[in-house]
Amino acid sequence: MRHHTLILIVALTTMLTGVAKTHAVEFGEAPELAKLVEDGNLPPIKDRLPTAPMIVTPNERVGTYGGTWKMAQRNSRDHALLIRTIGYEPLLRWTPQWSSTIPNVALSFQPSSDATEFFFRLRQGMRWSDGAPFTADDIVFWYEDILNNPAFADAVPEWLTSGGNTVQVDEIDPYTVAFRFSKPYGLFPTALARPEGVEPVSYPAHFLKPLLPKYNANADADAQKMGYSGWKERFIDVFGQPGTIDDPTRWNNPDVPTLNAWVLTGVYGKDDPLIAKRNPYYWKIDPTGRQLPYIDTVSMTLVPSKSAAGDAAIAGKVNMQERHIGTRANEVLAQNKDLQAFTLIESDMNIMTLSLNLNDKDPVLRDIFQNKDFRVALSYAIDRETIIDRFVPGALPHQAAPRPESPQYHTVLARQFMAYNVELARSYIAKAGLTTINDDGILLRPDGKPLSFTIDTEGAERFQMLDAVMGYWRELGIDVRARNLARDEFVALRERNEHNASAWGGDGGLDAMLIPINYLPMSSESSWFATGWANWYLNPESPDAITPPKDVQDQLALYDQLKATANAEKQNQLMRDILDISANQFYLMGIALPPNRKGVVARDFHNVPKVMPAAWSYATPAPTNPSQYFIQPE
């Protein structure tokens with residue numbers, strides 16, 4: 001069956017590429033590239049495009065070449081802006097409507113009937129931004145020399161495993177690869193369409209092989225001559241931290257070839273503005289055969305804060321952006337008449353989630369935090385209506401649960417323990433065994449020490465809300481302190497499990513199945529309420545693993561079943577079962593549903609949808625195909 005499936009893929013691809021070869025196509029290109037071709041500094045466009053380029057249908061109309069896309073980027077740990085705008089080119093991508101996945105880097109895609117094997121046919125003649133061929137060799141290089149390299153021990157993420165085993169990747173021929181899993185993995189195509197899905201196609205073998213001892217016997221000596229401790233340090237300095245796109249070092253070297261529409265010319269965090277220019281080998285065209293992108297240049301002004309991004313928009317330094325702009329969108333639009341709004345359908349389930357570290361290294365705090373009665377007490381102690389009136393007027397109170405619009409909406413998880421009732425909160429504190437108070441009015445732990453801990457967040461706006469919430473917890477006799485940390489420090493503490501509690505956004509509102517990080521401890525990178533349990537789920541032998549209770553193990557087993565099936569009805573039922581356990585466990589709490597947001601776009605900036613989803617798993621706005629945006633005065 002699998003052999004016949006592969007034959008079908010190859011035959012279909014041959015027909016598609018044959019059509020491209022049979023009918024003469026008159027390709028078009030940007031004037032600046034045509035000039036380079038004319039001067040002999042660039043190959044003709046027919047030699048730069050694959051035999052079957054991807055055709056992108058414009059949102060409104062075919063565009064014109066030229067112009068600069070202007071945005072504001074925070075000057076530290078805001079690489080997500082790059083991922084969401086110029087860094088989203090996975091094998092499979094979301095449709096603009098977020099309704100399904102479609103081939104992207106892959107020309108075609110075919111799963112086996114049991115969802116254990118996934119075949120991808122690549123685009124023959126496709127090239128990296130430096131002109132070198134992109135083939136199956138590049139994906140196999142990533143698999144063999146990065147994902148399975150013992151030197152990069154943390155390179156295997158959860159989404160590339162099934163049944164506890166890492167994916168196996170095989171090259172069938174130079175333009176066909178197979179991803180094979182030991183157990184059925186029906187969710188793999190949707191995992192691959194998330195921003196993380198660019199990982200398998202991010203490693204140009206021709207550029208990186210000389211850095212590895214496997215391909216260069218002198219790699220270590222060469223690195224040491226250059227002042228590095230060895231080849232690994234040099235590799236990371238050249239490429240960035242391997243294994244995850246969620247690291248700013250991946251944007252530190254503009255010399256690394258890419259498949260993206262625009263290629264950086266500077267270093268993120270240092271160059272201001274940070275400039276990206278069109279990739280002359282970009283492999284997408286519009287329906288008339290003209291090579292994309294339409295826009296010549298992307299320019300990002302570095303700013304110190306989200307608020308400063310709003311100031312940049314008011315000052316005319318932004319002509320299309322949604323990230324960082326939402327909270328000041330009305331003010332920006334009122335003060336800059338050249339801008340107009342587009343709507344972002346919110347997918348987050350909360351304006352702020354609050355989670356205690358159930359795996360805290362302090363054994364006494366850990367026992368207190370793991371007591372559900374204590375968590376219930378904290379929830380009853382919060383006056384959500386007052387917090388909402390102050391920070392998000394009109395929002396609806398909501399726990400950390402899928403949104404009402406979601407097919408996974410769970411009434412109990414969304415509504416439980418939300419009434420503001422201080423006496424009820426105190427009764428639950430007593431049920432948790434905390435009854436003794438010292439002369440300062442602070443509850444005492446079972447070991448006689450004052451009950452004290454910190455809760456961390458990042459960002460001035462969230463910190464103000466968090467500090468207001470902490471006032472209610474302090475009224476219960478808890479010595480709790482909110483901290484606004486730099487994002488690098490915030491993340492590093494959680495990686496080392498050195499945090500007491502966290503306040504963050506609420507992933508998983510509409511995409512609970514795609515990002516269930518707040519509903520069960522399945523991600524050591526993001527399930528901050530129990531990173532030890534998450535490490536156990538990923539690898540029970542890990543030194544960072546902590547064995548979870550049986551109910552949690554049962555929940556994780558249900559998630560394995562969900563991952564294995566491609567049947568939508570069964571997926572939804574399993575997700576409901578998972579959320580039933582989440583409701584019973586009450587891992588973390590929330591404040592309110594986030595309202596829809598606004599982005600801003602200049603009146604001469606076209607092909608931006610008037611409405612688009614807002615989600616990390618969707619990589620807003622990347623699936624709307626920024627390469628087809630264009631700038632033209634009306």
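This is a short talk on the overall build of one protein and two local pieces of it.

The model is predicted, so local features need pLDDT of at least 70 and side-chain atom pairs count only at pLDDT 80 or more, while totals for chains, interfaces and linings use all residues. Residues are numbered from 1 along each chain as its sequence is written, and side-chain values use heavy atoms, with hydrogens and water left out.

First, the whole protein. There are 21 helices and 25 strands, that is, DSSP runs of H or I with at least four residues, or of E with at least two, numbered from the N terminus. The radius of gyration is 26 Å, close to the 26 Å that the globule rule gives for 634 residues, so the protein is as compact as a globular protein of that length. That radius is taken over C-alpha atoms, and the rule is 2.2 Å times the number of residues to the power 0.38.

Next, a strand pair. Strand 18 (residues 452-457) pairs with strand 19 (residues 479-484) in the parallel sense, over six bridges; pairing needs at least two bridges in DSSP. I455 has A482 of strand 19 as its bridge partner. Between the two strands the chain passes through helix 17 (residues 460-475), and this β-α-β crossover is right-handed, meaning clockwise from first strand over helix to second, with the strands pointing away from the viewer.

Last, a helix pair. Which residues of helix 12 meet helix 13? I368, F369 and Q370 do, against K372, F374 and R375 in helix 13, where contact means heavy atoms within 4.5 Å.
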